[in-house]
Amino acid sequence: MNRDASYLFVLSLCCVLLLTACKKERTLEADITMLNAEDDSPISGAKVIYEYQSQSSSEVIKEEVGTTDGDGKFHFNRKIAQFDTYTKLRVFADGYENVYTNGVEIGINPGSDNTVEKKVYPSYLFSFSLKNAACFNETDSIWVSDIYTYQPYPILFTGCVDTTLSFMNQYPFTEWSYLKNKTLTFKVKRNGVVTTSQQQVSFLFNQITPVHIVL
């Protein structure tokens, strides 16, 4: 084989390999919309993370790819290797429930219609303090229901309580709720007499609302 023929052979082989590699690429495309579950308003500025596993590593690769626009929408489009797997988008929106979890996970697949609408609830943060101002003595008991989201039983306070609760180690003295408005129920026992009352509380979005209860 002469020099020119060898050159043409190598060039042809490179072209074949290049075309083969291109065929192995796949297009991954998705259109997502993030909405506030309370009123269906769009969530703008939500951070979008692309996650996948490559053939060469079992490690999950994470890459920030952008944020949702003013209509709560984000368009994702890229070429991926043939053996990239477990492809998904993960969305984080400040002030919404997913901030305290692992984000909103959206599975996407090459060749599929990855048009997804997700609704998430705002997370209302609040601090809670209770004072038994009309305390009779240390035998007083106060039961408080519905302070936090998953409260199966009333919380009991005894005596002349004057305290601020600490619910979660990572958020000292605060709790969060999916509800913008919450009704707290109080059962109070003083000197053998039991009374029940309720108080409506409204929370502010994306900030800690102080809740001070005096009974």
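Two strands pair if DSSP finds at least two bridges between them. Strands, in turn, are DSSP runs of E with at least two residues, and helices are runs of H or I with at least four residues, numbered from the N terminus. On that basis, strand 8 and strand 15 pair in the parallel sense over six bridges. The model is predicted, so local features need pLDDT of at least 70 and side-chain atom pairs count only at pLDDT 80 or more, while totals for chains, interfaces and linings use all residues. Residues are numbered from 1 along each chain as its sequence is written, and side-chain values use heavy atoms, with hydrogens and water left out.

- Seven of the eight residues of strand 8 are buried, which leaves the strand mostly covered; buried means under 20% relative accessible area, exposed over 50%, and partly exposed in between (1.4 Å probe, protein chains only).
- Serine 129 has histidine 212 as its bridge partner in strand 15.
- Strand 8 also pairs with strand 11, in the antiparallel sense and over three bridges.
- In strand 11, the bridge partner of serine 129 is threonine 164.

- Eight bridges join strand 1 (residues 26-36) to strand 4 in the antiparallel sense.
- Aspartate 31 stands opposite histidine 75 in strand 4.

**The disulfide**

- One disulfide is found in a search of the whole structure, the term denoting a pair of cysteine sulfur atoms within 2.5 Å.
- The disulfide is formed by cysteine 135 and cysteine 160, with their sulfur atoms 1.8 Å apart.
- Cysteine 135 lies in the loop between strand 8 (124-131) and strand 9 (141-145), and cysteine 160 in the loop between strand 10 (155-158) and strand 11 (162-164), so the pair ties together parts that are 25 residues apart in sequence.
- The link of cysteine 135 and cysteine 160 is left-handed, with -65° about the S-S bond.
- Cysteine 135 counts as partly exposed at 22% relative accessibility, and cysteine 160 counts as partly exposed at 41%.

**Aromatic rings and charges**

- Rings of Phe, Tyr and Trp (its six-membered ring) pair if their centres lie within 6.5 Å; planes under 30 degrees apart count as stacked, over 60 as edge-to-face and the rest as tilted.
- The count by this rule is five aromatic pairs.
- One of them is the stacked pair of tyrosine 50 and tyrosine 52, at 5.0 Å centre to centre and 20° between the planes; both tyrosine 50 and tyrosine 52 are buried.
- Tyrosine 96 and phenylalanine 205 have ring centres 5.5 Å apart and planes at 65°, so this pair is edge-to-face.
- Tyrosine 96 counts as buried at 8% relative accessibility, whereas phenylalanine 205 counts as partly exposed at 37%.
- Tyr50, Tyr52 and Phe76 are linked into a cluster by ring pairs.
- The charged end of lysine 187 sits over the ring of tryptophan 143, 5.1 Å from its centre; the rule requires NZ of Lys or CZ of Arg within 6 Å of the ring centre and within 35 degrees of the ring normal.
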